[in-house]
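Reader: I am new to this structure. Could you take me through its helix packing, its sheet and its backbone, one question at a time?

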Amino acid sequence: MVGGATPFSLKNQFNRAWQSHRQPGSSFKPYVYTAFVDAGHPPTTIVQDTPVSYPMGDGTRWAPQDDDNRYLGAIPLRYALAQSRNVVAVKIAQDLGIDRVVEYARRMGVTAPLDPTLSLALGSSGVSPLDQAAGFATLANQGVHIPPSPIRIVRDSIGTPVLDNTFPQQTEVISAGVAYVMTSMMESVIKEGTGTNANIGRPAAGKTGTTSSFRDAWFVGFTPDLVAAVWIGNDDYSRMNESYGGNVPARIWARFMTKALENVKPRDFV
């Protein structure tokens with residue numbers, strides 16, 4: 001757990017890994033897609049990447065767009081996630097009902113407050129890197145959610161355990177089949193989508209996230225053995241210089257995972 005670039009000290013106790021809530025951008029989309037796949041839609045489902053707008057409470061209309069300002073028309077669900085198409089994510093969320101998306105994100109491990117509006121599908125509510133790691137871990141763990149804990153066991157002076165997380169609570173929140181389908185789709189993000197910089201030469205799945213005005217950039221991903229979430233940004237919310245999740249965060253993730261897994265034999269997802 002790395003809480004930031006500034007050294008941890010008596011004056012600086014802020015740990016961004018679990019205390020900061022930042023917009024996850026498109027790295028939130030796997031919760032939307034998980035709910036959609038669980039509702040019976042396979043990765044081959046054809047979805048429409050076409051213009052759409054929704055009425056807002058103030059009388060205006062909101063039209064979600066992609067940063068390339070293009071629409072790709074009819075595309076498969078797998079391709080829509082791999083290329084992180086915004087319009088498709090919003091349409092899916094509208095189809096499911098945003099409360100359903102919130103419910104899935106909660107079940108999978110997101111603890112931060114989530115605003116139940118359609119823009120949530122594009123990651124408009126702040127979450128912590130730990131939330132994202134915990135949520136993606138549920139997919140890596142074949143649909144079983146385990147609350148994250150930094151401490152495995154604490155013993156008193158005579159060796160009696162006073163806190164024991166050796167066997168944490170496990171809850172199956174989605175089926176292993178849905179988790180596998182989502183993992184496969186998220187493998188496509190790295191193989192041929194927005195996350196190609198996260199290729200580590202072994203089976204891995206993940207998702208990029210970039211927020212408007214380049215204030216936050218994310219890459220969250222996993223192998224069968226390890227999950228890691230990377231966020232970069234400025235504490236004062238000032239913009240970065242064209243920082244996409246598929247660039248620096250994906251490269252940081254790849255560098256970390258390569259080193260962390262150098263003595264672990266590559267294996268396929270179950």
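Author: What follows is a set of questions and answers on this structure, which is a predicted model.

Reader: Is the packing of α1 against α3 roughly parallel, roughly perpendicular or oblique?
Author: Helix α1 covers residues 29-38 and helix α3 covers residues 86-96. Their axes lie 10 Å apart and the helices pack at an angle of about 50°. Angles under 35 degrees count as roughly parallel and those from 65 to 115 as roughly perpendicular.

Reader: What is the handedness of the crossing of α1 and α3, and how many nonpolar residues are in their contact?
Author: The crossing of α1 and α3 is left-handed. On the α1 side, Lys29, Val32, Tyr33, Ala35 and Phe36 take part, and they meet residues of α3 including Asn86, Val88, Ile92 and Asp95. By class, the contact of α1 with α3 has one polar residue, two charged residues and, for the class asked about, nine nonpolar residues.

Reader: How is α1 placed relative to α6, oblique or roughly antiparallel?
Author: Helix α6 spans residues 176-192, and its axis comes within 10 Å of that of α1. The two axes cross at roughly 130°. Only angles over 145 degrees count as roughly antiparallel. The angle therefore makes α1 oblique to α6.

Reader: Is the crossing of α1 and α6 left-handed or right-handed?
Author: The contact is made by Pro30, Tyr33, Thr34, Val37 and Asp38 of α1 together with Val178, Val181, Met182, Met185 and Met186 of α6. By class, the contact of α1 with α6 has eight nonpolar residues, one polar and one charged. As for its hand, the crossing of α1 and α6 is right-handed.

Reader: Which strands stand at the edges of the sheet?
Author: The open sheet has three strands in the order β9-β10-β11, with antiparallel pairing. Each edge strand has a single partner strand, so one side of each is left without a neighbour in the sheet. The strands at the edges are β9 (205-210) and β11.

Reader: How many bridges join β10 to β11, and which residue of β11 stands opposite Trp218?
Author: Strand β10 (residues 216-222) and strand β11 (residues 227-233) run antiparallel and are joined by seven bridges. They form a hairpin with four residues between them. Phe222 stands opposite Val227 in β11. The residue of β11 opposite Trp218 is Trp231.

Reader: Which helix lies across β9, β10 and β11, and which one touches β10 and β11?
Author: The helix across β9, β10 and β11 is α5 (residues 129-140), which runs at about 30° to β10. A further helix, residues 248-260, packs on the sheet, and its direction makes about 145° with that of β11. The helix that touches β10 and β11 is α7.

Reader: Where does Ser213 lie, and is Ser213 buried or partly exposed?
Author: Ser213 lies in the loop between β9 and β10. Ser213 has a positive phi of about 65° although it is not a glycine. Most residues other than glycine have a negative phi. With a relative accessibility of 32%, Ser213 counts as partly exposed.

Reader: Is Phe214 buried or exposed?
Author: Phe214 lies in the loop between β9 and β10. Phe214 has a positive phi of about 55° and is not a glycine. Buried means under 20% relative accessible area. The value for Phe214 is 13%, so Phe214 is buried.

Technical notes: Residues numbered from 1 in each chain as written. Predicted model: local features only at pLDDT ≥ 70, side-chain atom pairs only at ≥ 80, totals over all residues. Heavy atoms only, no water. Axes fitted to C-alpha atoms, helices over the stretch in contact; angles between N-to-C directions. Helix = DSSP H or I, 4+ residues; strand = E, 2+ residues; numbered from the N terminus. Left-handed = near helix turned anticlockwise from the far one by under 90°. Contact = heavy atoms within 4.5 Å. Nonpolar A, V, L, I, M, F, W, Y, C, P; charged D, E, K, R; others polar. Pairing = 2+ DSSP bridges. Buried < 20%, exposed > 50% of the residue type's maximum accessible area, 1.4 Å probe, protein only.
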